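Take each task first, then compare your steps with the solution.

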Amino acid sequence: MSKKVKFSFDLVISDEKKEMATNETTNPQMLVERPDNITALASLARARRKRKFILGLVIIGILLVGLGGYGIAHKGKTDKVIEAPPQVEGPTQEEQKPQIQEPVDDEIPTVEIIDTQDKGLLEGDMVELSDLVNGESSPCEGLSERINLFPTYPEIRNFIENGFYYELDKVVEDGIFKLEFVAATGVANNPQLLLNIYVDDEELVAQNDKIEVFAYCLDKETYDTSIRNYGQWNAYGVQDEYDSHLYHVTLPSGSFLAGETWVVFDMTKIRMGSRETEWKEFQVGLKEMIRVPRQIAFFPTCGIDTDGLEFVSDTKTYKLYWTEVAYDDTDLVFFFDYEDVYNENANGATEWEQFNDFIQEVTLEVNGVEYKVDPNARPYINMSDDRDNLYYYVYATFPGVKDLYIESVIVKYRDIAYRLR
């Protein structure tokens, strides 16, 4: 609007100047030679003063319009500008620490951990279980003899001696094999079953001091409808020192066992061998329903639902949805948007390379002790099954925490930190 006004006034002024220049150029001596030049001169003087007065008003008007337009524009800009904070002295060492933000929701829901197939050793290989320990000198009171003397790994022995076990009283037979369920123990996200296997064959037990078993451990619905999606758990065992017909096996059995519901345990195969003999394989049907109380049998894990806490890296935003602090290892589960895969700031780096750069800077602090991501773990990026809401998620593995009580959990990245517990 101001430009149009300015253009109109400039045009008037220019016309007036042209008229004056034309009069003075075409007849410069006119006012001198005419006899009534005094009257004409007076009229001309009045006209010039009038023009100057009008010209002054025009200039003042232009200035006022320009200043008014600048004020309006300036006001529009300042409404959007965040004022700079006042100058203060540099932060103290305490203030330089990352700001800890408290999440709104600290609920701990139940999470389903999908079992994966553990492959046994290759054919012909032999496993040594010389590190197994028993409880002959155990200070723990109240243990039955079959629990106290069961040979198993030192960590499993530690769980038992600290009271994390649940004795079972189940026996099932198939042919020359009899399976006894001794106890469930371990960690909630990695349950173990202590099993005794009796072999009623003198020649077989005389020639083979090693055993390997394969078994499913699934809830009934999964066993009946989706067993093809799951592999069998397997483990090696050793022959008892005093009874050659008896073999002891500590078998990892999957998270279904810690679900506090009835599960189907189905041992389908047994292999027996030694350094002097080839492995002999037997198809069996040692099936039984068992149920284990989670809080009694297993060293507890601490699962925390964080509902998408955001960490902004150089290329994308990662959202922390689940943290599970456990004895063996700790998992942090991050999501990121499907569109972020094509982030222009990635500079050609793959999604895994971008995540790896990010997770190297993440610090997990539990009960005041800091942990970094496991350098030997290689997180796998998964895509959601929901095609209407595509996103990626990845499990990042941190070291396990041996503390029984988890009082404080903080996740830090650069200058931001969230207190999860």
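**Exercise 1.** In which strand does D307 lie, and is D307 buried or exposed?

*Solution.* Start with the location: D307 lies in strand β10, residues 302-312. Helices (H or I, at least four residues) and strands (E, at least two) are DSSP runs, numbered from the N terminus. Next, check the backbone: the phi of D307 is near 55 degrees, a positive value in a residue other than glycine. For context, most residues other than glycine have a negative phi. Finally, D307 counts as exposed because its relative accessibility is 56%; the cut-offs are under 20% relative accessible area for buried, over 50% for exposed and partly exposed in between, with a 1.4 Å probe and protein chains only.

Two notes on the ground rules: this is a predicted model, in which local features need pLDDT of at least 70 and side-chain atom pairs count only at pLDDT 80 or more, while totals for chains, interfaces and linings use all residues. Residues are numbered from 1 along each chain as its sequence is written, and side-chain values use heavy atoms, with hydrogens and water left out.

**Exercise 2.** Find the place of R414 and work out why R414 counts as partly exposed.

*Solution.* R414 sits in the loop between β17 (409-413) and β18 (416-419). Its phi is positive, about 55 degrees, although R414 is not a glycine. R414 counts as partly exposed because its relative accessibility is 39%.

**Exercise 3.** What is the strand order in the open sheet of five strands, and which strands stand at its edges?

*Solution.* Read the order as β10-β11-β12-β16-β15, with antiparallel pairing. The edges are β10 and β15 (381-383): each has a single partner strand, so one side of each is left without a neighbour in the sheet. From one strand to the next, the twist averages 25 degrees, with axes being lines fitted to C-alpha atoms and angles running from 0 to 180 degrees between N-to-C directions. Now zoom in on one pair: β11 (residues 317-325) and β12 (residues 329-337) run antiparallel and are joined by five bridges. Two strands pair if DSSP finds at least two bridges between them. K319 has F335 as its bridge partner in β12.

**Exercise 4.** How many residues lie between the strands of the β8 and β9 hairpin, and how many between those of the β2 and β3 hairpin?

*Solution.* Take β8 and β9 to begin with: six residues lie between them. β8 (residues 263-273) and β9 (residues 280-290) run antiparallel, with nine bridges, and F265 has E288 as its bridge partner in β9. Then turn to β2 and β3: two residues lie between them, and G175 in the turn has a positive phi of about 65 degrees. Eight bridges join β2 (residues 165-174) to β3 (residues 177-187), again antiparallel. The bridge partner of D174 in β3 is F177.
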